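Me: I am new to this structure and would like to understand the words used to describe it. Could we go through them one by one, with each value set beside its cut-off?

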Amino acid sequence: RIKVLRLGNVRKFLQKALEPPKPHAVDASITALQALNALSATTKKEGDEEEDEELTPLGYHLAQLPVDARIGKMMIYGCVFRCVDPCLTIAASMAFRSPFKAPFDKREEADKIRRSISNGNLSDHLTLLAAYDGWCNSKKRGRREGREYLSKNFLSYNTLSMIDNMKRQFKELLTSIGFIPRNPSADKKRRRNNKKVEEDKSASSPYKILFEERRIDASDGRPYTKQS
């Protein structure tokens, strides 16, 4: 954010804070952002003076996302490599505990089912992705099927629901910065609904009655009501 707002050198700017962070913490953060290729490398000028780091194109986009830089990079790379949906699922899952449950009296059975969901894959992220996709597919067949899938595979409904909600928020963030195109039909429907709400508010407004006025038409002498 400091770089986006062009507030100068990061270290010098943070030292002006009421409670400035420790220098080694700032250096560690800068090093982490450089490792993500969000900041350019620090170089030395003549006289051992350090040159200020600059935002890379990736860093500029990451600064627009209010998420951890590592998660933001995963989201953006998912768009770049056309695998945004699975990347958003994995990114959203990183904010919560595992949805897999392991009851004390059925731990071996739960582990066996988890291995079957992973289909031999050793990645926890890909295993979670398979479980999430299986839940979404089961929900499409009906609410009962969705509950049965969760029960049979020892999965937490609350955790998967939170992941699903976070995934939707991540998708909206990417849409807001232009990485995911807006859905024209959805926008049209949203505008139509907003217009209907405004019309309903206007129709039920008490002020319409307060500002009605009875008048007589000068041409034919008939009474009429004027609204303002």
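Predicted model: local features only at pLDDT ≥ 70, side-chain atom pairs only at ≥ 80, totals over all residues.

Me: Why is L55 called partly exposed?

Reply: The relative accessibility of L55 is 29%, and the scale calls a residue buried under 20% relative accessible area, exposed over 50% and partly exposed in between, with a 1.4 Å probe and protein chains only. Residues are numbered from 1 along each chain as its sequence is written, and side-chain values use heavy atoms, with hydrogens and water left out.

Me: What places L55 in a loop, and which residues is L55 in contact with?

Reply: L55 lies between helices α2 (23-35) and α3 (57-63), where helices (H or I, at least four residues) and strands (E, at least two) are DSSP runs numbered from the N terminus. Contact means heavy atoms within 4.5 Å, and, leaving aside neighbours within four places in sequence, L55 is in contact with K3, V4, A38, L39 and Y60. K3 is 52 residues apart from L55 along the chain, yet their C-alpha atoms are separated by 6.6 Å.

Me: What makes W135 and Y157 an aromatic pair, and why is the pair called edge-to-face?

Reply: The structure holds 3 aromatic pairs. In the pair of W135 and Y157 the centres are 6.3 Å apart and the planes make 80 degrees, whereas the rule asks for rings of Phe, Tyr and Trp (its six-membered ring) with centres within 6.5 Å, and counts planes under 30 degrees apart as stacked, over 60 as edge-to-face and the rest as tilted. W135 lies in helix α7 (residues 124-141) and Y157 in helix α9 (residues 157-176), so the pair ties together parts that are 22 residues apart in sequence. Ring pairs also link Y132, W135 and Y157 into a cluster.

Me: How do you know that the charged end of K139 sits over the ring of W135?

Reply: The charged end of K139 is 3.9 Å from the ring centre of W135, and the rule requires NZ of Lys or CZ of Arg within 6 Å of the ring centre and within 35 degrees of the ring normal. W135 itself is buried, with a relative accessible area of 3%.

Me: Why is S138 called buried, and what does its side chain reach?

Reply: S138, in helix α7, has 1% relative accessibility and therefore counts as buried. A polar atom of its side chain lies 2.7 Å from the backbone oxygen of W135; a polar contact is a pair of N or O atoms within 3.5 Å, where within protein one must be able to donate a hydrogen and the other to accept it, and residues adjacent in sequence count only if both atoms are side-chain atoms.

Me: Why are α6 and α7 called roughly perpendicular?

Reply: The axes of α6 (residues 107-118) and α7 come within 8 Å and cross at roughly 90 degrees. Angles under 35 degrees count as roughly parallel, over 145 as roughly antiparallel, 65 to 115 as roughly perpendicular and the rest as oblique, so α6 and α7 are roughly perpendicular to each other. Axes are lines fitted to C-alpha atoms, for helices over the stretch in contact, and angles run from 0 to 180 degrees between N-to-C directions.
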